[in-house]
Amino acid sequence: MEMRATLGLGRWFGIPVAANIGVLVIILLIGSGLAFGVLPTQFPGWATPTYLLVGLVAGLLLVLSIVVHELAHALVARAKGVQIDGITLWLLGGVAQMRSEPTSPRDELQISAVGPLASLTLGLVFGLLAGAIALAGPAGAPVLATFGFVAWANVLLAVFNLLPAAPLDGGRVLRAALWWGTGDRGRAATIAARAGRGLGLVLIGVGLAQALFLPGIGGLWLALIGLFMVHAATAEGNQARLTTQLHGVRVHQVMSSTLVTAPPRATVAEFIDEVALHRPFSTYPLVDEHGRLTGLVTLNRIRAVPADQRTRTPLEQVACAPEDVPTTRPHEEVTELLPRLHGCGDGRAVVLDEAGRVVAVVSPGDISRLASAADLRSTDPYPPRGADLNRGP
């Protein structure tokens, strides 16, 4: 699932880290919950600013712990040859955005398990720090409370993430184990997704029951996590099903037969008048005089240009940079392309020939149409390699 980032937090070990407004919600919820609920009960007698400071610092340290958790995933994935777009923090935690999938169950197992291991390690470190602070006596109580909460939260994060249900890390571990044992990645992903939907429904039920009979927002938060799990697991199940349907299908079998390109130096106004108003597409490659890709412009990016600037704004100024555009070759398998269909190209990929010239565009609609056709077949659900789907019987 793609999360939109609104605040860049720099590059950590060469990996971009960003956050959206949901992170602020996490910090405020944790801070207020500790300051006005947990801390006054466990540490009575503190001044209100002390409670607030401990709550906010604990929230910030927990967010930092989530970054370390996701960074562990990203660094191991990068070491395994998986390209990492970045890490995004949001309302329910964080996600390391990977452009491709691990190529073996061993790699997937290692990538998945390292996140909970990092959280457990952080829990141990903060626990040891809390124990050392406790020896200092009452004067260190605020620091003890801060480190103690972060230690407990990291252990809880690790344990919860190890539950064998997608999209949790434990679901990835389950998928890797089943893939390793059966050799069938699609079936393994389907089972992990079903487990994720089941666990999500349980969390929704428990959360709603807690919200009805107990005070506080804990129940609603649990139900929200369950709802996210159901949604994410369903998406993963659909992705696994799509991958199975498209097994053996090559890019040339799904790519659009009509190619419309645009010159990089044409203005946005010229492009709208001469191309966009007369063509049924939402994405257009920009090419140089040799037919090589120089960018990709989408109607969504065109709409973002103010109307009074369109006559003097060239397309290349608003287009996706060529290095950010997913590219493929006609004979690549579609299942290998699927993980790369995201980013600024609005889910499109540009097809290049052996000389690097643009020959076609692949859209989600192209893939969906072929998947729907494959789903109608009662026998031999996979088209033969190199088959021409447009050829008559």
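Student: Contact means heavy atoms within 4.5 Å. On that basis, among contacts between residues at least 6 apart in sequence, what percentage join residues at least 24 apart?

Tutor: In this predicted model, 65% of the contacts between residues at least 6 apart in sequence join residues at least 24 apart.

Student: And how many helices and strands are there in the chain?

Tutor: The chain contains twelve helices and nine strands. Its C-alpha trace spans about 80 × 55 × 40 Å along the principal axes. Of the 393 residues, 44% are buried.

Student: Is Thr283 buried or exposed?

Tutor: Thr283 has a relative accessible area of 7%. The cut-off for burial is under 20%, so Thr283 counts as buried.

Student: What about the rest of β5: how many of its residues are buried?

Tutor: Five of the five residues in β5 are buried, and the strand is therefore mostly covered. Thr283, Pro285 and Val287 point one way, while Tyr284 and Leu286 point the other way. Residues on both sides are buried.

Student: Which strand does β5 pair with, and over how many bridges?

Tutor: β5 runs antiparallel to strand β6 (residues 293–298), and five bridges join them. Within that pairing, Leu286 stands opposite Gly295 in β6. The two strands form a hairpin with five residues between them. In the turn, Gly291 has a positive phi of about 80 degrees.

Student: Back to Thr283. Which residues does it touch, leaving out those up to four places away in sequence?

Tutor: Thr283 touches Leu296, Val297, Thr298, Gly345 and Arg348. With Arg348 there is also a polar contact of 3.4 Å between the side chains.

Student: Which side chain makes a polar contact with that of Ser282?

Tutor: The side chain of Arg348 does, at 2.9 Å. Leaving out residues up to four places away in sequence, Ser282 touches Val297, Thr298, Leu299 and Arg348.

Student: How far is Ser282 from Met98?

Tutor: Their C-alpha atoms are separated by 25 Å, and the two residues are 184 apart along the chain.

Student: Met98 brings up another region. In β4, which residue has Met98 as its bridge partner?

Tutor: That residue is Ile84. Strand β3 (residues 84–90) pairs with β4 in the antiparallel sense over six bridges.

Student: What sheet do those strands form part of?

Tutor: They belong to an open sheet of four strands, in the order β1-β2-β3-β4, with mixed pairing. Its edge strands, each pairing on one side only, are β1 (7–12) and β4 (93–98). From one strand to the next, the twist averages 20 degrees.

Student: Which strands make up the open sheet of three?

Tutor: That sheet has the order β7-β8-β9, and its pairing is mixed. At the edges are β7 (327–328) and β9 (358–362), each of which pairs on one side only. Strand β8 (residues 349–352) runs antiparallel to β9, and four bridges join the two. In β9, Ala360 is the bridge partner of Val351.

Student: Changing topic: how many aromatic pairs does the structure hold?

Tutor: It holds seven. In one of them, Phe43 and Trp46 have ring centres 4.9 Å apart and planes at 25 degrees, so that pair is stacked. Phe271 and Tyr284 form an edge-to-face pair, at 5.1 Å centre to centre with 80 degrees between the planes.

Student: Which elements does the Phe271 and Tyr284 pair link?

Tutor: Phe271 is in helix α8 (residues 268–274) and Tyr284 is in strand β5; the two residues are 13 apart. Both are buried.

Student: Which residues form a cluster through ring pairs?

Tutor: Phe43, Trp46 and Tyr51 are linked into a cluster by ring pairs.

Student: Finally, how many residues has helix α2, and how far does it reach?

Tutor: Helix α2 (residues 48–79) has 32 residues and reaches 47 Å from its first C-alpha to its last. That is close to the 46 Å expected at 1.5 Å a residue. Just after α2, Gly81 adopts a positive phi of about 90 degrees.

Technical notes: Residues numbered from 1 in each chain as written. Predicted model: local features only at pLDDT ≥ 70, side-chain atom pairs only at ≥ 80, totals over all residues. Heavy atoms only, no water. Buried < 20%, exposed > 50% of the residue type's maximum accessible area, 1.4 Å probe, protein only. Polar contact = N/O pair within 3.5 Å; in protein donor to acceptor, adjacent residues only side chain to side chain. Pairing = 2+ DSSP bridges. Axes fitted to C-alpha atoms, helices over the stretch in contact; angles between N-to-C directions. Phe/Tyr/Trp six-rings, centres within 6.5 Å; stacked < 30°, edge-to-face > 60°. Expected span 1.5 Å × (residues − 1).
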